[in-house]
Amino acid sequence: MKKYTKSIAAAVAALAIFVTTNVNAQTASEPTNPSRQKLGIGLNLGVPTQDGYSFAIGGDIRYQVDLDRQLSIPITSGYTNISRKDEFGGGSFGYIPAKAGLKYFFSTSGAGAYALAEAGAAFGTNKGAGTSFVYSPAVGYAWDNGFDLGVKYEGLAKDGMNNGYVGLRLAYGFKL
C-alpha cells in the first residue's frame, strides 16, 4: 500500500507540473478569463461516517485551471482534522491531502452547478499514521462573484480500512 500511495502522490505532482507549465498555451482561446487560472480558499465541515468519530473540520487551497468554460483541472491541498468521541478515547487524527481531479460545470457559462471528482494521497499528521489513498466526489454551485458551496464525501483508504466524512465546503475563488 505504501508504494501505491507514493505512486499516487507522484502522479498528482506530475499533473500539477504539467498543468502549470502548459497553461500559457491555453490562454488565447478564452477572452472572458484570459489567465484561465483560479485560486480558491475553502472551509470544510463534516460528519464522519465511522462510529466513534464526532466531527470533521478542515481548510484547503485549490488551484484550478480551466480547460474551457465547462471543464477544469483542480489541484487541492490543505489540512483536515477528524475528532474522536470521548467514549472512544477522545483525541483526533489529522491529515494533509494532495489531490487532483476533474471539475465539470453543467452550464456553458463556467459558473453554476458542477460535479467534481478528486483523488490522491493523504499524509497522516499523527505519529505512525502513514499515507492513505484519498478520494472525494462532490457536487456544488459556483457563483460568478467567486463564492462556491459544495457537498462532498471525502474518503480515506489504507490497508483495507476506510474512514471519511460527508461535508460542506464553503469557498471563495480568485481569478489569477
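How many nonpolar, polar and charged residues does the lining of the largest cavity have? The model is a predicted one, and in it that lining has three nonpolar, two polar and five charged residues.

**Cavities**

Two cavities of 30 Å³ or more are counted. The largest cavity holds about 60 Å³ of space. Its lining is made up of Arg62, Lys99, Tyr114, Leu116, Glu118, Ser136, Ala138, Gly150, Lys152 and Arg169. E5, E6 and E7 are the elements that give two or more residues to this lining, and E5 gives the most, with three residues.

The second largest cavity has a volume of about 40 Å³. Among the residues that line the second largest cavity are Asn44, Asp60, Tyr79, Pro97 and Glu154. Lys99 and Lys152 line the largest cavity, and Lys99 and Lys152 also line the second largest cavity. Two or more lining residues come from each of E2, strand E3 (71–84), E4 and E7. E3 gives the most to the lining of the second largest cavity, with four residues. By class, this lining has two nonpolar, five polar and four charged residues.

The largest pocket has a volume of about 520 Å³. It is lined by 30 residues, and the closest to its centre are Lys38, Asp66, Gly110, Trp143 and Lys175. Strand E1 (37–48), strand E2 (53–66), strand E4 (92–105), strand E7 (147–158) and strand E8 (161–175) each supply at least two residues of the lining. The largest share, six residues, comes from E8.

The second largest pocket contains about 380 Å³ of space. Of the 18 residues that line the second largest pocket, Phe93, Ser132, Leu156, Lys158 and Asn163 lie nearest its centre. At least two lining residues are supplied by each of E4, strand E5 (112–124), E7 and E8.

The structure holds nine aromatic pairs. One of them joins Tyr135 and Tyr153, with 6.0 Å between centres and 45 degrees between the planes, and counts as tilted. Tyr135 lies in strand E6 (residues 131–142) and Tyr153 in strand E7, so this pair ties together parts that are 18 residues apart in sequence. Tyr135 has a relative accessibility of 27% and counts as partly exposed. Tyr153, at 23% relative accessibility, also counts as partly exposed.

Tyr172 and Phe174 form an edge-to-face pair, 4.9 Å centre to centre and with 80 degrees between the planes. Tyr172 is partly exposed at 30% relative accessibility, and Phe174 is partly exposed with a relative accessible area of 40%.

Which residues do ring pairs link into a cluster? They are Tyr53, Phe93 and Tyr95. Phe93 is also one of the residues nearest the centre of the second largest pocket.

A contact of another kind involves Tyr114: Lys103 lies over the face of its ring, at 4.3 Å from the ring centre. Tyr114 is also one of the residues that line the largest cavity.

Terms used:
Residues numbered from 1 in each chain as written. Predicted model: local features only at pLDDT ≥ 70, side-chain atom pairs only at ≥ 80, totals over all residues. Heavy atoms only, no water. 1 Å grid on protein atoms, 1.4 Å probe; cavity = no way out; pocket = protein on both sides within 12 Å on 5 of 7 lines; lining within 4 Å. Points joined across faces, edges and corners; volume = space filled by probe spheres on them. Phe/Tyr/Trp six-rings, centres within 6.5 Å; stacked < 30°, edge-to-face > 60°. Buried < 20%, exposed > 50% of the residue type's maximum accessible area, 1.4 Å probe, protein only. Lys NZ or Arg CZ within 6 Å of the ring centre and 35° of its normal. Nonpolar A, V, L, I, M, F, W, Y, C, P; charged D, E, K, R; others polar.
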